[in-house]
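Please look over the sequence and the structure shown below.

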Amino acid sequence: MLKKHDMNIYLLDVIKVTTGFFVLLILNCTLEKCLQRNKKGGAKTLMYQSFKWYELSLQDNDIVYALQHCDYAIAYLNAARNCESDAIIEKIAGVNVYKYNNKLIKHQLNILRHLSKNKSKGVSSETSWIT
């Protein structure tokens, strides 16, 4: 009788441990899916910010601000690329990441050329709000 009772307790413990394992497994899978969704959402938000700063850079009349906004756009793009692969970002944002990166770099170099031309003409590089 004692052995049968011990066997029933053992089987009950096995059922509890197995059920607990499956509950933890399901919870883990659910959390991983949530994290993946949030990660993609984060990359999408970062790309949106990059687009926004690039547009601001195109509209700026002050070269220093244009450069600053272009740098922000590049930084947000790099942050998005750190979160996700280029292929996933392309699906999320609908833009070729390589071409967009090159466009930002060319825009940045163009701004730097204008900035160096203005410096050589004797134009002050101070921002207007300082003076």
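Tyr-10 counts as exposed, with a relative accessibility of 52%. On this scale buried means under 20% relative accessible area, exposed means over 50%, and partly exposed lies in between, with a 1.4 Å probe and protein chains only. Tyr-10 has its place in helix 1. Together with Met-7, Leu-11 and Val-14, Tyr-10 forms a nonpolar patch on the surface, and the four have about 390 Å² of accessible area together. Patches are made of residues with over 30% relative accessible area and no salt bridge; like charges are joined within 9 Å, and nonpolar side chains (Val, Leu, Ile, Met, Phe, Trp, Tyr) within 5 Å. Accessible areas come from the Shrake-Rupley method with a 1.4 Å probe, and for residues only the protein chains shown count as cover.

A note on the source of these values belongs here. This is a predicted model, in which local features need pLDDT of at least 70 and side-chain atom pairs count only at pLDDT 80 or more, while totals for chains, interfaces and linings use all residues. Residues are numbered from 1 along each chain as its sequence is written, and side-chain values use heavy atoms, with hydrogens and water left out.

Now the chain as a whole. It has four helices and zero strands, in the pattern α-α-α-α when read along the sequence. Helices (H or I, at least four residues) and strands (E, at least two) are DSSP runs, numbered from the N terminus. Of the 131 residues of the chain, 21% count as buried. The chain exposes about 9800 Å², and carbon and sulfur atoms supply 62% of that area. Among contacts with a separation of 6 or more, 73% are between residues 24 or more positions apart; contact means heavy atoms within 4.5 Å.

Which aromatic rings pair up? A search of the whole structure finds three aromatic pairs. One of them joins Phe-51 and Tyr-100: the ring centres are 5.1 Å apart and the planes are at 75 degrees, so this pair is edge-to-face. Rings of Phe, Tyr and Trp (its six-membered ring) pair if their centres lie within 6.5 Å; planes under 30 degrees apart count as stacked, over 60 as edge-to-face and the rest as tilted. Phe-51 lies in helix 1 (residues 2–59) and Tyr-100 in helix 4 (residues 97–120), so the pair ties together parts that are 49 residues apart in sequence. Tyr-100 is buried, with a relative accessible area of 4%, whereas Phe-51 is partly exposed at 27%.

Tyr-100 also pairs with Tyr-54, with ring centres 6.1 Å apart and planes at 85 degrees, so that pair is edge-to-face. Since Tyr-54 lies in helix 1 and Tyr-100 in helix 4, the pair ties together parts that are 46 residues apart in sequence. Tyr-54 counts as buried at 10% relative accessibility.

Leaving out residues up to four places away in sequence, Asn-101 touches Leu-77 and Arg-81.

A salt bridge is a side-chain nitrogen of Lys or Arg within 4 Å of a carboxyl oxygen of Asp or Glu. Arg-81 is partly exposed, with a relative accessible area of 27%, and Asp-86 counts as partly exposed at 27% relative accessibility.
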